[in-house]
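Here's a quick briefing to get you oriented. Have a look at the sequence and the 3D view first, then read on.

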Amino acid sequence: MLKGIKNAIKVKPGGLELVDRLVAVNRVTKVTKGGRTFGFSAIVVVGDEKGVAGFGLGKSKEVSEAITKGIEDAKKNLYRIPLLKQTVPHEETGKYGGARVFLRPASHGTGVIAGGAMRAVLESVGVHDVLAKSKGSSNPHNVVKATFQALLKMRSAQDVAKTRRISMDKVFNG
């Protein structure tokens, strides 16, 4: 799915109350000898708003069927994302194709300062306070993938302490 992410934790959808958000629907056209054939592709983000989220792509001749396929695909690709008091643990960047995203933690009450595709992803994860910026391409597919890449690179303080084999006090006090 997303390459270059080593510590991504996949999650099974069983027992989770998942909320789905439609990011974008795209009408595509295939020109054949008999005329134009229209189809639809939908990118969907699902999450439990408690640190688990995933995205999926569905394609079909009907919009509703494409959305349903996208939801099913997203449920097969769920990841656990570390959160720190309803925000992200640290600054992180992500890139996919021409899309570049930047995420920065924000203080309580700030809200989700992000646009379009990034907002859908961050709300599905359960982030309530974050400053985010999308640079480069605004293609929703690439923005969603870049946002997930940035979120999957996040590491909690507990993970850092465990990896370095030191106590939590040394992580913060050096």
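Predicted model: local features only at pLDDT ≥ 70, side-chain atom pairs only at ≥ 80, totals over all residues.

**Getting your bearings**

T32 stands opposite G35 in strand 3. Residues are numbered from 1 along each chain as its sequence is written, and side-chain values use heavy atoms, with hydrogens and water left out.

**The whole chain**

- The protein chain has five helices and nine strands; here helices (H or I, at least four residues) and strands (E, at least two) are DSSP runs, numbered from the N terminus.
- Of the 174 residues in the protein chain, 39% are buried; buried means under 20% relative accessible area, exposed over 50%, and partly exposed in between (1.4 Å probe, protein chains only).
- Take the contacts between residues at least 6 apart in sequence: 59% of them join residues at least 24 apart. A contact means heavy atoms within 4.5 Å.

- Strand 2 and strand 3 run antiparallel and are joined by 13 bridges; two strands pair if DSSP finds at least two bridges between them.
- The link from strand 2 to strand 3 is a hairpin through two residues.
- Strand 3 also pairs with strand 4, in the antiparallel sense, over eight bridges. In that pairing, V45 stands opposite F55 in strand 4.
- The hairpin of strand 3 and strand 4 has four residues between the strands, and E49 takes a positive phi near 60° there.
- E49 also meets R21, a residue of strand 2: a polar contact of 2.9 Å joins their side chains. A polar contact is a pair of N or O atoms within 3.5 Å; within protein, one must be able to donate a hydrogen and the other to accept it, and residues adjacent in sequence count only if both atoms are side-chain atoms.
- Leaving aside neighbours within four places in sequence, R21 is in contact with V44, V45, E49, A120, E123 and S124.

- How far apart are the end C-alpha atoms of helix 1? They are 20 Å apart, which agrees with the 20 Å that its 14 residues (63-76) should span at 1.5 Å a residue. The expected span is 1.5 Å times one less than the number of residues.
- A66, G70, I71 and A74 are buried in helix 1. They cover an arc of only 140° around the axis, which puts them on the same side of helix 1; the arc is that of the directions from the helix axis to the C-beta atoms.
- On the other side of helix 1, S64 and K76 are exposed.
- The buried residues of helix 1 pack against strand 2 (19-32), strand 3 (35-47), strand 4 (52-60) and strand 5 (78-80).
- G56 sits in strand 4 and counts as buried, at 1% relative accessibility. Setting aside neighbours within four places in sequence, G56 is in contact with A42, I43, V44, G70, D73 and A74.

- Four strands form an open sheet in the order 6-7-9-8, with mixed pairing. Its edge strands are strand 6 (92-96) and strand 8 (112-113), each pairing on one side only.
- Strand 7 (residues 99-105) and strand 9 (residues 130-136) run antiparallel, with seven bridges joining them. V101 stands opposite S134 in strand 9.
- Helix 2 (residues 116-125) packs on the sheet and touches strand 7, strand 8 and strand 9; its direction makes about 145° with that of strand 9. Axes are lines fitted to C-alpha atoms, for helices over the stretch in contact, and angles run from 0 to 180 degrees between N-to-C directions.
- Helix 3 (residues 140-152) packs on the sheet too, touching strand 6, strand 7 and strand 9, and its direction makes about 140° with that of strand 6.

**A closer look at helix 3**

- Helix 3 is mostly covered, with 10 of its 13 residues buried. Among them are V143, F148 and L152.
- At the start of helix 3, a side-chain oxygen of N139 reaches to within 3.1 Å of the backbone nitrogen of H141.
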